[in-house]
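I opened my notebook to get to know a new structure. Here is what I looked up, entry by entry.

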Amino acid sequence: MIGFGLPYALAALPLALLPLLARWLRADRVPRLDLRPADGASRAVDIGLTALGMITIAALVLGISDPVLKGGTVSYRGNGTNLVLLIDRSSSMDDTFAGRAPNGNEESKSTAARRILQEFIQQRPDDRIGIAAFSTAPLEVLPMTVSRNAINAAIAAQDERGLSQTDVGRGLALAMEMMRDASSMGSRAVVMVSDGAGVISAEVQDMLRELAAEQRINLYWLYLRTVGAKSIFDDGAPGESNTPQTRPERHLHLFLQRLGITYRAFEAESPEAVEQAVEEIGKMEARPILTERVLPRRDLDWICYLLAAVAAGGLTLARWLERPYAPRRPAALMRQT
């Protein structure tokens with residue numbers, strides 16, 4: 001759809017009718033040229049020059065009015081998923097996989113996760129993606145959208161130093177609720193990126209069960225395990241304390257397994273392992289989806305100015321080809337007796 005940045009300039013459009021009132025050909029003092037028989041070629045040239053004059057003025061006025069082809073979105077069938085990225089912003093994510101402060105040679109877990117997720121998103125143009133984060137409290141960073149610029153900016157904004165708490169339960173609940181904005185067609189997936197967990201209250205557990213039954217999502221936990229930390233797949237040695245308070249990650253894994261949805265956990269102890277896990281998630285979440293493509297706004301004023309220049313060039317050429325009437329006396333139109 002075409003719009004105008006300066007629509008009031010269109011009021012000057014009637015000026016394009018001026019060539020119908022003014023003659024373009026040079027005035028001549030030879031009288032009574034209209035007594036000559038009608039000349040088809042001359043009439044065509046006259047009409048053409050008048051048209052060029054009208055086009056020149058109209059194109060200039062339209063160019064000044066700043067015409068644009070308005071942007072928007074168009075629906076299409078793609079291959080991807082409705083995806084919510086749930087990112088842990090606890091302070092431990094600012095350490096490296098080795099459990100120490102990053103230096104120039106090592107990335108923190110949060111930095112590596114942001115980099116890998118941004119690369120992952122660039123390879124999946126059809127995904128509808130939302131961003132959520134959690135630490136002391138959950139936060140909806142970006143509603144589900146197809147705008148890659150907004151998604152990349154939202155992920156990049158997660159570089160602020162995190163807090164000490166990990167309210168993973170309410171973070172998961174927020175991510176599932178964001179799926180209510182998902183496309184009606186296509187799978188739904190939540191990818192949780194975290195290096196830890198916390199105890200989930202019974203009330204929040206009930207909420208998660210209800211949301212899981214309602215939204216029917218596929219849940220992936222990308223567990224960024226610090227070197228030396230216990231595996232979420234390991235029950236531990238006999239006699240070792242194994243309670244939600246002492247091993248919250250293990251018990252979160254067990255709880256998610258019992259939600260009745262498709263769930264898979266990945267453990268990664270390095271950026272390379274994170275890349276492999278994200279790649280595998282991408283393969284599992286590549287299905288037909290009804291999504292939208294963003295159509296950018298396009299300026300059309302240059303087309304108007306180009307048209308005006310071509311028309312003005314035609315008039316200039318006509319003026320250059322025009323020759324003054326011969327200085328000799330014109331031949332008599334009637335034989336004298």
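I started with arginine 216, which is exposed, with a relative accessible area of 51%. I found arginine 216 in the loop between helix H6 (202-215) and strand S8 (218-224). Helices (H or I, at least four residues) and strands (E, at least two) are DSSP runs, numbered from the N terminus. Arginine 216 is not a glycine, yet has a positive phi of about 50 degrees.

I then turned to aspartate 66, in the loop between H2 and S2. Aspartate 66 has a positive phi of about 60 degrees and is not a glycine either. Its relative accessible area is 22%, so I noted aspartate 66 as partly exposed.

**Ground rules**

I reminded myself that this is a predicted model, where local features need pLDDT of at least 70 and side-chain atom pairs count only at pLDDT 80 or more, while totals for chains, interfaces and linings use all residues. Residues are numbered from 1 along each chain as its sequence is written, and side-chain values use heavy atoms, with hydrogens and water left out.

**The whole protein**

I counted 9 helices and 11 strands in the protein. Of its 337 residues, 40% count as buried. I also looked at contacts (heavy atoms within 4.5 Å). Among those between residues at least 6 apart in sequence, 82% join residues at least 24 apart.

**Helix H9**

How far apart are the end C-alpha atoms of helix H9? They are 30 Å apart, which agrees with the 30 Å that the 21 residues (301-321) should span at 1.5 Å a residue. The expected span is 1.5 Å times one less than the number of residues.

I listed the buried residues of H9 as Cys304, Ala308, Ala311 and Leu315. Seen down the axis of H9, they fall within an arc of 70 degrees, so they line one face of the helix; the arc is that of the directions from the helix axis to the C-beta atoms. On the other side of H9, I found Trp302, Val310, Thr316 and Trp320 exposed. The buried residues pack against helix H2 (40-64) and strand S2 (67-69).

Leucine 300 sits in the loop between strand S11 (298-299) and H9. Leaving aside neighbours within four places in sequence, I saw leucine 300 in contact with Ile2, Pro67, Val68 and Leu69. Leucine 62 is 238 residues from leucine 300 in sequence, but their C-alpha atoms are 9.4 Å apart.

**Helices H3 and H4**

I looked up how H3 (residues 109-122) meets H4 (residues 148-156): they pack at an angle of about 170 degrees, with their axes 10 Å apart. That makes H3 roughly antiparallel to H4, a label for angles over 145 degrees. On the H3 side, the contact is made by Arg114, Leu117, Gln118, Ile121 and Gln122, and on the H4 side by Arg148, Ile151, Asn152, Ile155 and Ala156.

**Helix H5**

Last, I checked H5 (residues 168-178), which is mostly covered: 9 of its 11 residues are buried. Among them I noted Val168, Leu172 and Met176.

Note on methods. Buried means under 20% relative accessible area, exposed over 50%, partly exposed in between (1.4 Å probe, protein chains only). Axes are lines fitted to C-alpha atoms, for helices over the stretch in contact, and angles run from 0 to 180 degrees between N-to-C directions. Angles under 35 degrees count as roughly parallel, over 145 as roughly antiparallel, 65 to 115 as roughly perpendicular and the rest as oblique.
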